[in-house]
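Here is a short note to read beside the model. Please keep the structure open as you go through the points.

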Amino acid sequence: MADFSVHWVFAFGVLGNIVSFFVFLSPLPTFYKIYKKKSTEGYQSIPYVVALFSAMLWIYYAFLKTNTTLLITINTFGCFVEIIHVGFYLFYASKEAKVQTIKLLLLLVVGGFGAIVLVSQFLFEGAVRVQVVGWICLVCSLCVFVAPLCIVKQVIKTKSVEYMPFLLSIFLTLNAVMWFFYGLLLKDFNIAIPNVLGFIFGILQMVLYVMYYNKKEEEFVKEQNLPELKNHVIILHNDKNFPELSEEQIIEIVKLGSLISCTQKFDLALCLHENIAEDHKRLRKTLEI
């Protein structure tokens, strides 16, 4: 039975490594957009800095424990990737965004991680040290999953999912499931507990994406199907000699008006009115003869 449990721990650990590999690489489409636009625009650096800090903490925690090789492998890769992400972000960020990112790096990566290592090494020993660092990792993992809430807030406010990558939300949800079972089977609740929250936030992000992506599609369809009428001029003429336009003729005017510039729409409507009036006059002269 114990061997069976060990096999499942290894299986979920390997699956967790595979999914986490894609989680760390999932921002690549975002950074490709940044590269094309040569600007970070509305993207935030917080998730990448926090992810770097978290990966460093989990490596430290894994070295203090035993049988956690799979934690070391994936978080080492994570550190490498997040350093590249942060560096790329700093290269294209505005001056204000660069300053904020550097401050965050100094606060978390240099000051925070350095303080945790020093305090845990000098004030705690053995199992107590492992437990304390494990609690810190737990809190940090919760912050990693909470960090995208700033993006969620922006999505709700702007009703746009442009700055919330859907691919990242999917992989974060799958990642949470794999590491939850890994921690549960390993009986390490510092690993299992944060991933419950990660699963909930992952589902929330996907639901928001579906909600606001559909709204964006509907608005796009409406814009394509309905011509803008705000620049059209409608003239009501009371002259009896001036013929009334039929519904079909009005539709034709609107269709033609949508194909030309706004400055030409007024002239087109007058031209059509004059042509129809001349046709009526010619028909009356023919009947009189």
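**Notes on the predicted model**

1. In the largest nonpolar core, which has 47 residues, Phe 53, Leu 57 and Tyr 182 touch the most other members. A nonpolar core here is a set of buried Ala, Val, Leu, Ile, Met, Phe, Trp, Tyr and Cys residues joined through side-chain atoms within 4.5 Å. Buried means under 20% relative accessible area, with a 1.4 Å probe and protein chains only.

2. Helix 3 (46-64) is one of the elements that give two or more residues to this core. Helix 3 gives the most, with 13 residues. Helices are DSSP runs (H or I, at least four residues), numbered from the N terminus; strands are E runs of at least two.

3. Phe 53 touches Leu 108, Val 109, Gly 112, Phe 113, Ile 116 and Cys 140, leaving aside residues up to four places away in sequence. Contact means heavy atoms within 4.5 Å.

4. A second, separate core has seven residues, including Ile 151, Val 155, Val 161 and Leu 208.

5. The protein has 11 helices and zero strands. Of its 289 residues, 37% are buried.

6. UniProt, in an unreviewed entry, lists residues 6-25 among the spans for "transmembrane region". Such annotations may be inferred rather than shown by experiment. In the model, residues 6-25 are 100% helix, and their end C-alpha atoms lie 29 Å apart.

7. On method: the model is predicted, local features need pLDDT of at least 70, side-chain atom pairs count only at pLDDT 80 or more, and totals for chains, interfaces and linings use all residues. Residues are numbered from 1 along each chain as its sequence is written, and side-chain values use heavy atoms, leaving out hydrogens and water.

Definitions and conventions. Buried means under 20% relative accessible area, exposed over 50%, partly exposed in between (1.4 Å probe, protein chains only).
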